[in-house]
Amino acid sequence: MMQSLLNRPSSTLVLQQLQAGLQPQVLLSSTAAGLVTGIIGVIRAISYASLIFSGALAVHLPTGLGMTVVSTAITILVVALTSTLPGIIATPLAAPTTILAIMAAAIASELMAAPSADVLATVMVAIALSALLTGAMLLALGLLRQGERIRFVPYPVIGGFMAGTGWLLTKGFFQVSTDTPLSWSALPELGQPVMLARWLPGLGFAIALLLATRLWKPFWVMPLTLLVCAASFFACLGVAHIPLEQARAAGWLLGPFPESRQLWQPITPAMLPQVHWIAIAHQTSSLLTVMFVSLLSLLLSNSSIELVVGRDLNLSSEMKAVGWANLASGLSGGMAGNQALPSTLLVHDIGGNYRLTGLIAIIPSVAVLALGSSFLSYLPKALLGSLLLYLGLSLLWQWLYQAYFKLPLSDYLTVWATLILIDAVGFLQGIAVGFVITVVLFMVRYSQVDVAKQVFSGTTSRSNVGRSSAEEAILTQKGSQIYALELQGFLFFGTANYLLTKVRDRTLAPTEPLEKIAEPDRPTEPLRYAVIDFRQVSGLDSSAVLTFNKILKLANKYDFTLVLTNLLPGLATALERGQGLDLSSQRCQVFPDLDRGLEWCEGQILGQTSCPIPDQTWGQNAQSEASAPALVSHLTQLFLTAEQAERFMTYLAPQALPAGYAIFKPGEQRPELYFIESGQVSVLLELDDGRTKRLQTCSAGHLLGEMRFFDKTPLSSSVVTDTPSQVYALSQAAFGRMQQQAPDLVQALQRHIVEILCQGLIRRGEQLRIMQ
């Protein structure tokens with residue numbers, strides 16, 4: 001039977017993991033990393049307990065210490081076993097602890113007349129409730145896989161949150177060291193010699209920690225510095241011949257405490273009648289703040305850990321791991337915990353990236369719980385307070401000094417505003433205002449972004465329809481009647497007015513004679529067609545809809561047509577509902593893309609202008625010319641003499657093609673040149689979403705297939721007839737005969753193809769110039 005169990009895949013995997021964990025290198029690195037981070041976690045747990053259970057709650061510090069140490073052990077254990085990153089360390093953090101300290105002080109103040117046991121029970125239940133609510137929220141978000149959706153938080157809000165945490169930790173240092181909260185009214189008292197003797201040593205220890213941790217990076221620097229500070233404190237007492245009882249009476253040591261056999265006191269059903277639920281209800285905002293701050297801390301820590309370890313973590317899975325840990329801690333009467341960034345990075349530096357590290361890290365917590373409360377009376381307040389001050393000053397230095405050189409002034413002032421409101425009003429209110437300021441700044445900045453990605457006229461940018469030289473001349477002269485804007489981003493009240501101003505300014509802009517215009521896009525004609533392209537528009541609000549309603553009114557007043565292109569159904573519905581689109585009016589036209597919108601505008605201009613008839617100079621006999629194919633006249637105008645055109649036609653084969661006929665398909669090799677005698681043909685590019693983009697539209701006299709004729713590389717475009725068309729084909733065999741029999745025709749044809757390619761490059765270059 002034992003053999004069958006060992007043969008199971010799950011049992012084999014567990015045995016393999018245990019065997020890997022017993023390797024000497026794994027044991028050594030896991031033990032070192034686990035013990036160091038476990039000791040740091042215990043030291044911080046003692047500091048956090050001193051912060052929460054200070055003032056009127058100081059008599060319950062042993063119980064508070066048991067709560068924080070148990071929370072540390074449970075959080076480390078659960079996250080170590082369930083996280084997707086082996087070696088991750090999770091403990092109670094400073095930011096939520098500061099909120100819990102404020103909440104505990106408020107409850108103690110409200111229940112000042114209540115029995116001490118009732119106050120303790122109410123505070124413990126409130127802290128456990130905050131852990132349960134935080135765990136339930138994180139677990140729900142993880143199970144619903146919402147991690148990636150809430151990953152990003154505005155950077156200034158993060159900075160204000162961190163700076164606010166630093167300031168509250170700094171205030172907590174004075175509370176722990178002197179039992180007096182830091183305030184303007186308390187400054188004279190804190191300046192008295194007796195008070196100076198309480199907090200100045202802690203300030204010195206904090207400065208020593210700051211200097212040591214910045215000068216040396218090894219993991220043992222912080223524990224060793226704390227040990228040296230503690231030794232120096234007791235050395236000073238020995239040199240001054242001050243007994244421990246006298247030092248404790250002066251407020252330099254913790255205590256005195258009532259005798260207690262154990263530190264951890266779980267919440268039992270017998271304690272529930274002592275709980276004042278109304279007092280807890282009054283702290284609803286603090287409970288919500290703990291939940292939000294814990295979520296924010298998880299987002300920050302997770303992103304930083306990913307950056308250091310060089311791999312992406314599944315945030316939803318990490319939320320579930322931390323959520324389970326908080327639920328377990330809350331059920332045990334503990335406080336909320338989270339990923340501990342410094343300790344996790346320390347494990348990474350030591351090389352203890354194994355789950356065994358987390359199991360070893362709980363040993364110091366278990367040892368402290370086994371010792372009981374007797375050792376607390378020997379802990380200097382200055383030492384515990386110095387760790388709080390060290391954490392607080394580190395955050396303030398980073399976000400109030402260093403951030404000045406990294407952040408824009410508006411973001412830096414947002415950090416200050418959030419910090420001030422956190423101190424004056426509350427954590428949740430300060431963070432909420434920080435979010436509001438960030439959103440307002442975003443809208444102000446976004447409104448200054450040019451909503452029109454490209455602005456051009458019909459003089460410099462045309463549709464992809466091939467035109468005759470006479471038509472090109474007309475469009476060059478009349479093209480400024482077309483005013484086109486390619487919009488981008490989300491259109492809202494901050495950018496909609498900018499669009500209206502653009503159209504209004506062009507409508508009222510004075511025109512100048514063409515020969516006096518130095519810039520090609522300066523208007524020489526009154527506005528007749530305002531083309532607005534929506535291809536890169538993600539959405540619009542009601543203010544943007546109102547803007548288009550105003551543009552329609554401008555169109556009716558100043559006699560121009562509003563042409564909308566690439567308008568998605570959702571945007572069209574919103575515009576039509578808000579009267580920003582009127583399909584029944586001739587003043588509003590809609591086309592599937594910008595190219596076809598420009599084509600319609602150009603057609604309107606050409607239709608209103610009489611084109612001069614080209615000179616008929618290719619023959620003297622009008623009767624014979626009338627009977628000749630129309631292609632002869634096109635060839636004569638383009639690149640051949642009349643005599644050459646007659647000879648050239650003998651190498652061509654006529655073809656009558658119906659509308660919708662694919663002359664070339666994507667990837668197809670058809671080594672033939674096609675000359676259009678009549679009709680219309682379009683070159684199309686198939687897009688990934690199934691739509692097609694028109695690259696060029698050709699009419700009578702144009703040449704098709706020159707790239708395929710001379711290059712064997714398959715092309716991805718297709719060539720399709722738009723209308724019934726008459727074309728003439730030049731095959732490779734006919735071209736070979738032409739090379740032998742009429743080299744002058746070959747030379748003229750090749751020169752014409754080079755001109756076509758050069759004109760295409762010039763047109764693309766002009767488009768790129770406009771797009772800059």
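Modeller: Let's start with a term: a salt bridge is a side-chain nitrogen of Lys or Arg within 4 Å of a carboxyl oxygen of Asp or Glu. By that rule, the count here comes to eight salt bridges. Keep in mind that this is a predicted model.

Biologist: Okay, so which residue does K171 pair with in a salt bridge, and where do the two partners sit?

Modeller: K171 meets D423, with N and O 3.0 Å apart. K171 is in helix α7 and D423 is in helix α19, so look at two distant parts of the chain, 252 residues apart. K171 counts as partly exposed at 23% relative accessibility, and D423 is partly exposed too, at 36%.

Biologist: And what about R248 and E245, how are they placed along helix α11?

Modeller: They are three residues apart in that helix, which means about one helical turn separates them. Their closest N and O atoms are 2.9 Å apart.

Biologist: Where would I look for R587 and D559?

Modeller: In loops. R587 lies in the loop between α24 and β7, and D559 in the loop between α23 and β6, so the pair ties together parts that are 28 residues apart in sequence. Their side chains meet with N to O at 2.3 Å. There's also a network of salt bridges that links E643, R647 and D744.

Biologist: Let's go inside. How much of the protein counts as buried?

Modeller: To read that, you need one cut-off: buried means under 20% relative accessible area. Of the 772 residues, 50% count as buried. The largest nonpolar core holds 83 residues, and those touching the most other members are I52, F53, V123, I127, F161 and F427. Helix α18 gives this core its largest share, eleven residues. A second, separate core has 32 residues, including L491, V545, I551 and L571.

Biologist: What does F53 touch, leaving aside residues up to four places away in sequence?

Modeller: Its contacts are A58, H60, L61, G64, M67, L120 and V123.

Biologist: Can we try a single residue? Is T72 buried or exposed?

Modeller: T72 counts as buried, because its relative accessibility is 1%. You'll find T72 in helix α4. A polar atom of the T72 side chain lies 2.8 Å from the backbone oxygen of T68. Beyond residues up to four places away in sequence, T72 touches G41, A45, A90, T91, P92 and S365.

Biologist: And where is W199 found?

Modeller: W199 is in helix α9, residues 193–215. At 16% relative accessibility, W199 counts as buried. Among the residues W199 touches are F173, F174 and L190. The C-alpha atoms of W199 and W252 are separated by 8.9 Å, and the two residues are 53 apart along the chain.

Technical notes:
Residues numbered from 1 in each chain as written. Predicted model: local features only at pLDDT ≥ 70, side-chain atom pairs only at ≥ 80, totals over all residues. Heavy atoms only, no water. Helix = DSSP H or I, 4+ residues; strand = E, 2+ residues; numbered from the N terminus. Buried < 20%, exposed > 50% of the residue type's maximum accessible area, 1.4 Å probe, protein only. Polar contact = N/O pair within 3.5 Å; in protein donor to acceptor, adjacent residues only side chain to side chain. Contact = heavy atoms within 4.5 Å. Core = buried A, V, L, I, M, F, W, Y, C linked by side-chain atoms within 4.5 Å.
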